[in-house]
Structures are given as C-alpha cells and as structure tokens.
Amino acid sequence: MNLALWIGAALLAVVAFVGGMSKTFVPKEKLATMPGGEWTAGAGAGFVKTLGVLELLAAIGLILPAALHIAPVMVAVTATCWVALMVGAMITHGRLGQAKFVALNLAYLALAAFIAWGRFGPGHFTG
C-alpha cells in the first residue's frame, strides 16, 4: 500500500509540476491556443498564474512533507485540495464541451482521492 501511495503521489506531483510550470511561465495568450488551454482566454492573467503557483505548491506538498518527515499529514491535505481543484477543472472543461479533458481530470481526481484516503487512513505515516 505504501509503495502504491508513493507512486501515485509522484505521478500526481509530476502532473501538478508540469501544469504549474506552464500556467506560471507560459503567456496566457499562448496557453489559450493549446489543447485544453482554451479556458484561459476568458480568465485574467493573474488568475492563471495563481493557479500555476498553487499547482507548483501541490507538487511540493505531495512529496516533500513525507520525504522530509515534517508534517507528513500535509500529503493527504494536499491531495484533498487537488480533488477540489479537479472538480473545478472538470466543471470548466465540461462547460467548454471538452469531454476528454473532463475524463482526464476525473482520472487525476481519482488518483488524488486514493492518495488522500490512503494517507489519512491505512497508509498514514507513523513514527
């Protein structure tokens, strides 16, 4: 169980890192032309960058607390926050009729829910 939770957290951290880097450092106008980035056309640049920074923090929060043994419960908290973020992403992509991105976000949500469930429950960090 512990290994599966670590792998899941690592995969989700990579997703968060890549998404965070693009939203933080790629201009909003360029993001709006990319598949799945159409939603940025109607969003403010500050909002897009804020989401990017939050995703970068999520990437950190999914790995570092447990790896450094400093407040490892933050892994589960971060995964729970990711679930909420994915609900918003699913609603946004659903409004734009982007079913494949809704499905992708649902997969990320399921992975985050697994991590949250595991780290709050049977796979919690002890010690």
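Leaving aside residues up to four places away in sequence, Ile115 touches Leu5, Gly8, Ala9, Leu12, Val75 and Ala79, where a contact means heavy atoms within 4.5 Å. This is a predicted model, in which local features need pLDDT of at least 70 and side-chain atom pairs count only at pLDDT 80 or more, while totals for chains, interfaces and linings use all residues. Residues are numbered from 1 along each chain as its sequence is written, and side-chain values use heavy atoms, with hydrogens and water left out.

Ile115 lies in helix α5, which covers residues 99-120. Ile115 is buried, its relative accessible area being 0%; buried means under 20% relative accessible area, exposed over 50%, and partly exposed in between, with a 1.4 Å probe and protein chains only.

Seen as a whole, the protein chain has 5 helices and 0 strands, helices being DSSP runs of H or I with at least four residues and strands runs of E with at least two, numbered from the N terminus. Of the contacts in the protein chain with a separation of 6 or more, 65% join residues 24 or more positions apart.

The C-alpha trace spans about 45 × 25 × 15 Å along its principal axes. Buried residues make up 36% of the 127 residues.
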